[in-house]
Amino acid sequence: AVIGASRQRILQRASTAAARAGMHDRAIELARRSLAITGDDELAELVRSRLRWYLWEAGRSDEALDEARRAVSRTYPTGSERWQANATAHLAGLLLVHDEIEDAREHAETALRLAQAAGATEEEVLANGIIGGCLLLEGDVDAGIGRIDQALEAARRIEEEDARLPADRLDDRRFPVGVVLASTQLAGAYEVADRPDDAIRIAEAGYLRAAEQGVARTYGATLRATTARAMYRAGSWSQALATIEAALREGASGSGRVSLLAISALIHAARGAALEADEAIRLAEEDVDLTAADVIHWLAAARAERLLWAGQPLEAATGIAGAEAAGSEAARRAGLGQAVGLDASVPQLLTLAARAGADLALVERAGGVEPAVSAMVIERVRSAIERAHRRPGLATSWAPDLALAEAELGRAEQGTGGQTIDAWARAAEAAPGRPYGEAYARWRLASALLTDRRRTREATAELERAEALAQALEAEPLRE
């Protein structure tokens with residue numbers, strides 16, 4: 001395929017091959033070498049487009065954002081409108097990752113108009129997906145998912161047309177392939193909306209397409225991580241671990257690999273398998289570039305789960321707070337400190353932070369210490385809950401987590417009894433289909449009921465329900 005090709009073209013194809021193998025830094029190097037060669041302006045635009053993706057996939061989102069800003073500020077000659085749409089859509093997507101939702105929406109709408117005027121169907125799909133993400137995070141969950149679903153259907157139509165093209169023409173398509181990207185967006189949207197069955201359905205279909213198109217190690221790993229997290233949420237822990245192990249054996253790389261290891265650590269920690277949890281965390285930390293908010297957050301969640309069951313609430317709270325500052329400005333804004341962020345780890349971290357704050361408050365109270373540190377943690381959690389409630393669509397989707405967090409705040413303030421009985425009852429009833437959260441809430445409810453001798457029978461019933469759920473999950477720390 002490379003016989004007679006220019007050096008510029010050969011380097012471009014080599015960079016694509018490196019990216020598909022998960023060697024993103026190598027892909028960036030080869031792309032830049034290709035751009036240093038003049039001659040084919042159209043090819044250079046293709047390489048610039050892919051370079052932005054490679055930088056983002058390598059965790060170098062600030063560099064990708066700078067590249068996108070430069071591309072958008074350029075003057076494009078007549079006939080290059082699709083590349084202007086491409087650059088504008090990329091800028092919109094990167095702004096969305098950086099939690100600049102208003103600016104992201106504005107640039108995505110501009111990209112959509114440019115794409116439609118140029119007949120650039122791939123850019124139209126990309127822009128629609130980003131608009132859907134903005135709608136989702138603005139709180140209009142159904143509209144956001146609907147828009148991304150439409151983008152996925154459009155991407156499928158494009159790939160059906162591609163199937164009739166000569167093989168050499170496919171190399172000129174922008175990166176990554178549309179169905180895989182749109183599947184990643186839609187599965188992630190369903191995850192944010194706490195619809196695990198839908199997340200698994202879309203992620204698994206997207207993974208099969210990723211395997212067909214040679215991006216199973218990169219985008220496929222990300223999709224498999226979404227599947228594993230949804231299985232964790234739904235209580236299918238053994239299936240989640242099997243999915244993770246298979247993806248790792250198949251060579252998962254990049255942020256997808258780290259996300260897989262993080263959810264593995266989270267499940268092992270909840271099962272009391274400390275050695276396995278620690279090993280998964282160690283492997284993740286060796287392999288991670290901590291600039292992506294979801295990577296930071298899921299690792300922080302795994303560490304916090306491990307530390308809380310080990311009786312170290314201060315360390316857990318510190319780790320969650322440190323997750324904000326561990327990466328880029330985008331990661332910091334996506335944490336609990338400033339805004340409700342972009343990924344499904346946020347409600348998970350919210351409940352863990354609330355639990356750490358409550359445990360810490362009880363420790364401080366028992367030691368006769370003024371609850372200064374726990375008060376800081378609790379205030380941060382309370383502020384995050386209030387911000388979540390200002391986004392009604394997400395507040396509805398995250399209702400089980402918010403109920404758990406609010407019950408933990410009651411535990412911090414009231415101890416183990418009193419008004420916390422009603423709060424834990426609400427938390428338990430808010431978590432159908434979320435067996436771990438329900439088991440935990442019923443255990444806390446039973447503890448609160450036991451403070452009233454007249455309600456011993458109710459406490460026993462709740463303990464039995466919690467035990468049955470925990471046994472099915474093999475959640476040994478909760479059972480003990």
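This report describes a predicted model of a protein, first as a whole and then residue by residue.

## Basis of the values

The model is predicted, so that local features need a pLDDT of at least 70 and side-chain atom pairs count only at pLDDT 80 or more, while totals for chains, interfaces and linings use all residues. Residues are numbered from 1 along each chain as its sequence is written, and side-chain values use heavy atoms, with hydrogens and water left out.

## Overall architecture

The secondary structure of the protein comes to 26 helices and zero strands, where helices (H or I, at least four residues) and strands (E, at least two) are DSSP runs numbered from the N terminus. The protein is as compact as a globular protein of its length, because its radius of gyration of 24 Å is close to the 23 Å that the globule rule gives for 480 residues; the radius is taken over C-alpha atoms, and the rule is 2.2 Å times the number of residues to the power 0.38. Along the principal axes, the C-alpha trace spans about 85 × 40 × 35 Å.

Of the 480 residues, 56% count as buried, a class that means under 20% relative accessible area, with exposed over 50% and partly exposed in between (1.4 Å probe, protein chains only). Among contacts (heavy atoms within 4.5 Å) between residues at least 6 apart in sequence, 66% join residues at least 24 apart.

## Surface and charge

The protein exposes about 19,900 Å², of which carbon and sulfur atoms supply 51%; such areas come from the Shrake-Rupley method with a 1.4 Å probe, and for residues only the protein chains shown count as cover. There are 57 positive and 74 negative side chains, and the centres of the two sets lie 2 Å apart. In this count Lys and Arg are positive and Asp and Glu negative, with His and the chain ends not counted, and the place of a charge is taken as NZ of Lys, CZ of Arg, CG of Asp or CD of Glu.

R50 is found in helix 3, which covers residues 41-57, and it counts as buried because its relative accessible area is 4%. The side chain of R50 is joined to the side chain of T16 by a polar contact of 2.5 Å, the term being used for a pair of N or O atoms within 3.5 Å, of which, within protein, one must be able to donate a hydrogen and the other to accept it, while residues adjacent in sequence count only if both atoms are side-chain atoms.

A58 has its place in the loop between helix 3 and helix 4 (61-73), and at 13% relative accessibility A58 is also buried. A58 and G254 lie 196 residues apart in sequence, yet their C-alpha atoms are 7.2 Å apart in space.

## Around helix 21

R391 is found in the loop between helix 20 (372-389) and helix 21 (392-397), where its relative accessibility of 18% makes it buried. The C-alpha atoms of R391 and D140 are 8.2 Å apart in space, although the two residues are 251 apart in sequence.

S397 lies in helix 21 and is buried, with a relative accessible area of 11%. Its side chain reaches the backbone oxygen of A193 at 3.2 Å, and, when residues up to four places away in sequence are not counted, S397 touches V141, V192, A193 and D194. D194, in turn, lies in the loop between helix 10 (178-192) and helix 11 (196-212), is buried at 12% relative accessibility, and has a phi near 60°, a positive value in a residue other than glycine.

E474 has a positive phi of about 65° although it is not a glycine. The place of E474 is in the loop between helix 25 (456-473) and helix 26 (476-479), and with a relative accessible area of 40% E474 is partly exposed.

L275, in helix 15 (residues 274-287), is exposed at a relative accessible area of 72%, and its C-alpha atom is separated by 9.5 Å from that of A265, ten residues away along the chain. G311, found in the loop between helix 16 (293-309) and helix 17 (313-325), is exposed with a relative accessible area of 57%; the C-alpha atoms of G311 and A356, 45 residues apart along the chain, are separated by 9.5 Å.
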